[in-house]
Amino acid sequence: MRLAPNPNGPWHLGNARMPAVIGSYKEMYDGWMCCRFDDTDPETKRPDLDAYDGILDAIDYLGFEPDEVVRASDRVETYYEHARNLIDEGGAYACSCPQGEFSDLKNGGESCPHRDQDPETIHEEFDRMVAGEYDSGEMVLRVRTDIEHKNPALRDWVAFRMVDTPHPREAAAEYRCWPMLDFQSAVDDHLFEVTHIIRGIDLQDSAKRQGFLYDYFGWEYPEVTHWGRIEVDEYDVPLSTSSIKELVAEGELDGWDDPRAPTLASLERRGIRGDAVVEAMTELGVSTSSADLAMSSVYSANRERVDDGTDRAFLVRDGERVPVEGGPDEGHPPVHPEHEDRGTRDVPLGEAVLLEPADVPADGERVWLKGWGPVRNEDGTLVYTDESIDVVREGDVDVVHWVDAGENVPVRMRTMDGDIAGHAERGVAGYDVDDLLQFERVGFVRVDSTEGDEFVVYFTHR
RNA sequence: GCUCUGGUAGUGUAGUCCGGCCAAUCAUAUUGCCCUCUCGAGGCAAUGACCGGGGUUCAAAUCCCCGCCGGAGCACCA
């Protein structure tokens, strides 16, 4: 099998479907999989040099490793060779018709005058294409299919065209005559002995186009499956490399890993594990109808993976300062409620706490400061009541999270809906970048930066 | 317009090829209850679907026909 990405930018969630599905099949059947960069358009789909490694990193993040990595732009001579063979077989001809004219002829099912040239002339013209003697648009090499085929999309398609813009990769910068995807991909799939192709429905006519090539060469076409378009809820930003690129350039997004961007880099930064994304993707299956991916299924898969190993902590958002009277000077909530052996935390409590506004009890009402004890609001002061935990069990008193008003860690939590300022318990200062935490009653986060006077975390999900 | 292709609960999916075991599976979601010093986890329960209409048949999600509604291609993009 093969992954055939176009390296024109960092990957978004939609791109993850390719390695998720194909990589999973590869593992399931102990197959072989390569990553082949289909970078044969130096102009309209101009490759981004950083994207080659970026895509490999993304595949790694998802938990897969290609058995081989190749770039189509390194294999241009191979394509030329097959083009010459095809001309010998009578399967191709050079054509200098202007695009519009050819299109009109084609739609009418009529041949153009170049279709029946003799092989010598075609070879000569193709050699001149390879030598770069034509400019963009002057000459193409077409595959001779069936000019009266009932599906106009399959009639005499272009195999090679001229591109004036040099390829960004130095090794390929001299080529001017480039194969089209249908030709390049067809040749490579055969040469690499690909047995199964899984790709998007946008390429559903490709198999039929390439079938003509396989017939000329006497090859057997691989099994093909197509999946439909995928959309993701919860994001305002569309699942499109070019539009994300635009938003980043305009400064609407802080970068490719902005939490509002539906990119893999963003999910990784938020602390979502690659295999959770894979699980959600493979659940979508390979139906050709379009599908909405619910982010909740990614979150659910991720929560299942991280919940058990993630330490708990308190984070108070938009804290309201309330004085406290009496009680112990420290609280000891557990590091993880299901794992007593991991111990307890030490959360100091001085003369006042910070509570989320909605958690502040009304005058005369009680609340249980989690891991510390019960208090009653008496004229704006929380007075320790020294009651047993039974008051919570009886359902009369809510349990809330809190931090000391003086001794805490200011935190900036970045979410899809913007940044939230808060204060976390003292102990979170001991965590490092990439550590995961669950802020109780708030949600999971990944520690992103501990430098400076601000502790930055990325919100994962509840 | 021409050519493909598809329509099962909010979302995704199983079942469709080879009609009956499908008063339709599983997951997620939502709601309620239990448990819990988290609104997390765990447990229990509820909600909720075969695009429509004909036909064939003892029997149709499944086969046939006609509609309706999507998606894709018809590029010197991938």
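Trainee: Which domains does the domain assignment of chain A give?

Mentor: This is a predicted model, in which local features need pLDDT of at least 70, side-chain atom pairs count only at pLDDT 80 or more, and totals for chains, interfaces and linings use all residues. Residues are numbered from 1 along each chain as its sequence is written, chains are lettered from A in the order in which they are written, and side-chain values use heavy atoms, with hydrogens and water left out. The bounds come from an automatic or database domain assignment, which for chain A gives domain 1 (2-73 + 228-301), domain 2 (75-226) and domain 3 (310-462).

Trainee: How many residues surround RNA strand B, and which are the closest?

Mentor: A residue is counted as near the strand if one of its heavy atoms lies within 4 Å of it. The residues of this surface divide into 16 nonpolar (Ala, Val, Leu, Ile, Met, Phe, Trp, Tyr, Cys and Pro), 20 charged (Asp, Glu, Lys and Arg) and 14 polar (the others, Gly among them). RNA strand B is surrounded by 50 residues, the closest being K45, R312, E338, K370 and R441.

Trainee: Which polar side-chain atom lies 3.0 Å from a base nitrogen of RNA strand B?

Mentor: A polar contact is taken as a pair of N or O atoms within 3.5 Å. The polar side-chain atom 3.0 Å from a base nitrogen belongs to Q438.

Trainee: How far apart do the C-alpha centres of domain 2 and domain 3 lie?

Mentor: Domain 2 covers 75-226 and domain 3 covers 310-462. Their C-alpha centres are separated by 65 Å.

Terms used
Polar contact = N/O pair within 3.5 Å; in protein donor to acceptor, adjacent residues only side chain to side chain.
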